[in-house]
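Subject: Structure for your review

Dear colleague,

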Amino acid sequence: MGTTVSVRALTKEYGRARVLDGIDLAIGPGVTGLLGPNGAGKTTLLRCLATTLAPDGGEIRVLGHDPADRARRIEIRRRLGYLPQDPGYYPHFTAFELVDYVAILKEITDRRTRYREVRRVLAEVDLADRSQTKVRKLSGGMRQRLAFAQALLGDPDVLILDEPTVGLDPEQRMRFRALVSRLGEGRTVLLSTHQTEDVAALCELVVVQHRGRVIFQGAPRDIAAAAKGQVWLSESPPDGGSRLFWRTADGRYRSLGDPPPNAVPADPTVEDGYLLLLGEPAEVAA
Ligand SMILES: Nc1ncnc2c1ncn2[C@@H]1O[C@H](COP(=O)(O)OP(=O)(O)OP(=O)(O)O)[C@@H](O)[C@H]1O
């Protein structure tokens with residue numbers, strides 16, 4: 001299938017800081033992961049795509065529509081689900097009431113349809129038995145799932161998820177992966193994350209954003225493959241030429257960069273490829 005979300009020469013500045021510095025991107029149905037260090041501009045990009053922030057320059061198309069055009073923007077919003085990084089909660093609402101409220105804003109006007117839809121999305125995120133619990137009494141991870149539930153209302157064609165796995169316990173993270181991979185069949189899912197394992201497990205495409213630019217776009221295996229020949233295991237800590245190294249559970253040292261003496265090559269992961277791509281200065285985490 002074709003491109004559903006595209007971005008060309010996108011720019012955004014806050015004061016003098018150029019947070020998006022000419023982003024080009026084209027994604028289609030399936031799950032795409034957006035990786036990047038803190039402050040790379042991921043949230044800013046996702047907000048522009050979710051039509052909640054206007055860029056300064058460049059072009060966006062979501063499902064063929066231009067969000068700069070008011071009428072088209074509404075079309076996009078009807079077919080888009082968005083999990084923001086800091087969702088606002090109404091602490092005195094119950095879980096049901098909160099999602100129901102968003103469903104009203106999303107124009108699901110028929111009461112019975114809306115009731116069924118709210119129940120459906122709460123069940124999707126494993127919160128069916130918490131529907132009458134006040135939001136303020138939910139745990140942080142449950143609130144995150146609640147925010148995810150509202151993004152699923154109306155079965156959107158495009159889902160934009162800003163750090164969706166923050167605060168989830170391992171079991172919920174696995175459930176999230178299963179749900180997102182199912183949603184990715186035929187829909188476009190773009191998620192930002194710091195979890196390279198989620199990207200390796202879930203995403204067909206990975207985009208790496210750094211200092212407001214896209215510095216990599218390709219398959220997770222390609223980003224891992226780019227680190228081939230630069231990941232090492234050694235008995236003693238490397239003394240130079242390594243970008244990063246740490247002591248592993250078996251007592252050996254895993255390093256990225258030039259091989260330390262007597263090192264053996266290790267299989268690179270998405271995380272290795274990502275760290276090497278960022279090219280951060282040497283750092284020791286022993
Ligand atoms: N409303 C704003 N006003 C001024 N500066 C902002 C605003 N929003 C974001 N920034 C700045 O823009 C830069 C990019 O922020 P953004 O939240 O897009 O990054 P990010 O990649 O999502 O980071 P993180 O991984 O920490 O969530 C940061 O330096 C941030 O301080």
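A residue is taken as near a molecule if its C-beta atom, placed from the backbone, lies within 6 Å of it. The model is a predicted one.

With that cut-off, the shell around the ligand consists of Tyr 14, Val 19, Gly 36, Asn 38, Gly 39, Ala 40, Gly 41, Lys 42, Thr 43 and Thr 44. Helix α1 (residues 42-49) supplies the largest share of this shell, three residues.

Asp 162 belongs to strand β6 (residues 158-162). This residue is classed as buried because 24 other C-beta atoms lie within 10 Å, and the threshold for that class is 20 or more. Between the C-alpha atoms of Asp 162 and Val 118, which are 44 residues apart along the chain, the separation is 21 Å.

As to the overall division, the chain is assigned domain 1 (1-79 + 157-218), domain 2 (87-155) and domain 3 (224-284). The centres of domain 2 and domain 3, taken over C-alpha atoms, are 44 Å apart.

Strand β10 (residues 231-234) runs antiparallel to strand β12 (residues 253-257), to which four bridges join it; here Leu 233 stands opposite Arg 254. Strand β10 is also antiparallel to strand β13 (residues 264-265), through two bridges, with Trp 232 partnered by Pro 265.

Yours sincerely

Definitions and conventions: Residues are numbered from 1 along each chain as its sequence is written. This is a predicted model: local features need pLDDT of at least 70, side-chain atom pairs count only at pLDDT 80 or more; totals for chains, interfaces and linings use all residues. Two strands pair if DSSP finds at least two bridges between them. Domain bounds come from an automatic or database domain assignment. A residue is buried if 20 or more other C-beta atoms lie within 10 Å of its own, exposed if 12 or fewer, and partly exposed in between; C-beta atoms are placed from the backbone.
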